[in-house]
Amino acid sequence: MASLDDLKKRISSVKSTQKITKAMKMVAAAKLKRAQDSAEKGRPYSQKMNNIILNLSNGVSDKSNAPKLLSGTGNEQIHLCVIMTSDRGLCGGFNANIIKKAKSYFLKLKQEGKELKIITVGSKGNDQLKRVYGDKIIENISFKNSKNANYFDAEKVGKTIIDRFEKHEFDICTIFYNQFKNVITQIPQAQQIIPLNTEKNNEDKSEESYEFEPDEDEILSNLLPKNISTQIFKAMLENSASEQGARMSAMDNATRNAGEMVDKLTIEYNRSRQAAITKELIEIISGAESL
Amino acid sequence: MSEEFKVEIVNPEKSFLSKEDVTEVVVPAFEGEMGILKDHISIISFLKPGIITINSKSGEEKFYVEDGIVEFKDNNLSVLTSSIFNLKQIEKGKINELIKIAEEESNKPDVSDQSKFLTDQKIQVLRTIN
């Protein structure tokens, strides 16, 4: 049995851990509020962008001449996966969930005999993937220095992707991120951005015809790269809200577990203290009796 | 009959401006300035660097934009842009900074004709508001 001193030390160490997790929870809660706000504020932009693109692409009659970003290269051989994770740990299953989703996708690709390339955004994803898929990772982008997700970072990622696409380095691009549902639930998402998936929302497409200035093709070829940055930005916003949410609930759990542990240790401490006193008393009494 | 329509300007970070009582908007479309009144035909167009002027009941407002897309549909005008500034709030220093960045961009040797045209346009507009 642990000595009284050991127990005392353990209790105080658990208590100070609890203080840290509690503080982290508070910080995450404050950041979550902000991240959630900006995720919500960012939604109209990406939604409107999506709508315009959908309207446009429905208007394109000649699919074979459409920009490659919309129609694809015609091949499906090389897949690029952009894995978006956080730069910091201690956020529960946040990163693990994305990685799990991504890995099952990689496996599927492998079975189909497709070629795989990976770009990781955020250092945690890189750390987890580089052991098994190190040779597949072609780039690692990390925004440790920027405090919040901002559009310029997203544009940078978008540019790298488009550059690589134009060099014919891949045919299909999918981004992986966590969609923020609420504080406890984040849904790992796989979204294909190149070629653009336009069939999904066909039910609510408007039949209205637009006037275009300049012509459709030019608008499309200008808009599609922008849309990619926008989608990435949306993913980044969702991700940062999810990260804070995941961290908050993880830290909440940790604080509660620490509390339980302190309770248990305190009981044990009191018991062994009592046992020690009883033992001493017995010794004294039996010593007095023998006299 | 009312002559008003709705304008919404959004940038990636937030909804920048939303107004219901707008009578006329002039946007710097890619192929020239374009005035939009109520019941304009549905249109999608690009913006080049320039000034957006919004006339509403509460007066005239001007914004500087660098790029973007306008969509007009069912008397809803949406402007999607990544960089927009209210002319009243923009500071001299910021304008000068933007000019400097644009000039550097324009003087790069490997710049394409189109982007050179755009940055020159940007410099011009910025100089006029300065």
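## Exercises on a two-chain model

Let's start with one residue: Gln124(B) sits in helix 2 (residues 113-129) of chain B. Helices (H or I, at least four residues) and strands (E, at least two) are DSSP runs, numbered from the N terminus. This is a predicted model, where local features need pLDDT of at least 70 and side-chain atom pairs count only at pLDDT 80 or more, while totals for chains, interfaces and linings use all residues. Residues are numbered from 1 along each chain as its sequence is written, and chains are lettered from A and ligands numbered from 1 in the order in which they are written.

**Exercise 1.** Work out whether Gln124(B) counts as buried, partly exposed or exposed.

*Solution.* Start with the rule: a residue is buried if 20 or more other C-beta atoms (placed from the backbone) lie within 10 Å of its own, exposed if 12 or fewer, and partly exposed in between. Now count: Gln124(B) has 13 C-beta neighbours inside 10 Å, so Gln124(B) is partly exposed.

**Exercise 2.** Describe how helix 3 and helix 4 of chain A pack.

*Solution.* First, find them: helix 3 covers residues 94-111 and helix 4 covers residues 123-133. Next, the geometry: their axes are 10 Å apart, at an angle of about 35 degrees. Axes here are lines fitted to C-alpha atoms, for helices over the stretch in contact, and angles run from 0 to 180 degrees between N-to-C directions. Then look at who meets whom: the helix 3 side includes Ile98(A) and Phe106(A), and the helix 4 side includes Leu129(A) and Tyr133(A). Contact here means C-beta atoms, placed from the backbone, within 7 Å. Last, sort by class: five residues are nonpolar, three polar and one charged. For that sorting, Ala, Val, Leu, Ile, Met, Phe, Trp, Tyr, Cys and Pro count as nonpolar, Asp, Glu, Lys and Arg as charged, and the others, Gly among them, as polar.

**Exercise 3.** Find out how chain B touches chain A.

*Solution.* Begin with the count: 21 residues of chain B are in contact with 21 residues of chain A. On the chain B side, strand 4 gives the largest share, four residues. That side as a whole has 10 nonpolar, six polar and five charged residues. Now zoom in on strand 4 of chain B: three bridges join it to strand 6 (residues 211-213) of chain A, and the two run parallel. Two strands pair if DSSP finds at least two bridges between them. In this pairing, Phe212(A) stands opposite Ile44(B).

How values were computed. Two residues are in contact if their C-beta atoms, placed from the backbone, lie within 7 Å.
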